[in-house]
Amino acid sequence: MKRVTRLSWMATALAASLAVAGSVGAQTAPRAESAQYQVGREVSLVGTVASVVEDAKTGPLGTHVMVQSASGLVDVHVGSAKYLEMNKLNLKTGDSVRIIGENFTVGTDTVFYARIVQDGTAAVAVRSPKGMPLWKNGKRLAVSANAHREGAL
């Protein structure tokens, strides 16, 4: 009898947990398709590095490069400084850069999410074509990005 009661209680608890999880998911608005990274919306940003902030405290976290372009100053999120260093890309003030990516709104700011960063003849992919960060998986992806970067731009 106790075993049947315990199993019944566990089944009720599991059902309640699933119901709560489902209602929390339903309250979260689905991500709009237009908010996802799309290669078809990419643009090429050409300019000069005005400043580099390796550990930005505002979103998105990571390294931000302020690029002075023909249309003004652009905040570019390039990911991880360590990832760029592993790929032998050392951005500094005054460098002429070409960055392939897409603008996104983060809070009240617009941030350019870099997918490919080129400084001189060195180019590094920092995001996949679907916008997924390559720096999060470490050296394995860094080597893979290096292998494909010649034909990227």
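Are tyrosine 37 and phenylalanine 104 buried or exposed? In this predicted model, both tyrosine 37 and phenylalanine 104 are buried.

**Aromatic residues**

The structure has 2 aromatic pairs. The ring centres of tyrosine 37 and phenylalanine 104 lie 6.2 Å apart with their planes at 25°, so this pair is stacked. Because tyrosine 37 belongs to the loop between helix H1 (2-27) and S1 while phenylalanine 104 belongs to strand S4, the pair ties together parts that are 67 residues apart in sequence. Phenylalanine 104 also pairs with tyrosine 113 in a tilted arrangement, at 4.9 Å centre to centre and with 40° between the planes. Tyrosine 113 is buried, as phenylalanine 104 is, and Tyr37, Phe104 and Tyr113 form one aromatic cluster.

**Salt bridges**

Side chains of opposite charge can pair when their charged atoms come close.

| arginine 41 | glutamate 102 | 2.5 Å |

The bridge between arginine 41, in the loop between H1 and S1, and glutamate 102, in strand S4, links parts of the chain 61 residues apart. Arginine 41 is partly exposed, with a relative accessible area of 30%, whereas glutamate 102 has a relative accessible area of 5% and is therefore buried. Glutamate 42 is in the loop between H1 and S1 and arginine 115 is in strand S5, and their bridge joins positions 73 residues apart. Glutamate 42 counts as buried at 18% relative accessibility, and arginine 115 counts as buried at 14%. In the remaining pair, aspartate 95 is buried at 12%, while lysine 92 is partly exposed at 46%.

**Arginine 127**

Arginine 127, in the loop between strand S6 (122-125) and helix H3 (139-148), is buried yet has no salt bridge, and the nearest side chain of opposite charge, that of glutamate 102, is 8.9 Å away. The side chain of arginine 127 does make a polar contact with the side chain of histidine 77, at 2.8 Å. Beyond four places in sequence, the residues that arginine 127 touches include Tyr113 and Arg115.

In soluble globular proteins, nonpolar side chains tend to be buried together. Here the largest nonpolar core has 21 residues, and those with the most contacts inside it are Val76, Ile99, Val117 and Val126. Among the elements that give two or more residues to this core are strand S3 (72-79), helix H2 (81-86) and strand S5 (109-119). Leaving aside neighbours within four places in sequence, isoleucine 99 is in contact with residues including Val67, Val76, Phe112 and Val117.

How values were computed. Residues numbered from 1 in each chain as written. Predicted model: local features only at pLDDT ≥ 70, side-chain atom pairs only at ≥ 80, totals over all residues. Heavy atoms only, no water. Helix = DSSP H or I, 4+ residues; strand = E, 2+ residues; numbered from the N terminus. Buried < 20%, exposed > 50% of the residue type's maximum accessible area, 1.4 Å probe, protein only. Lys, Arg positive; Asp, Glu negative; His and termini not counted. Salt bridge = Lys/Arg side-chain N within 4 Å of Asp/Glu carboxyl O. Polar contact = N/O pair within 3.5 Å; in protein donor to acceptor, adjacent residues only side chain to side chain. Contact = heavy atoms within 4.5 Å. Core = buried A, V, L, I, M, F, W, Y, C linked by side-chain atoms within 4.5 Å. Phe/Tyr/Trp six-rings, centres within 6.5 Å; stacked < 30°, edge-to-face > 60°.
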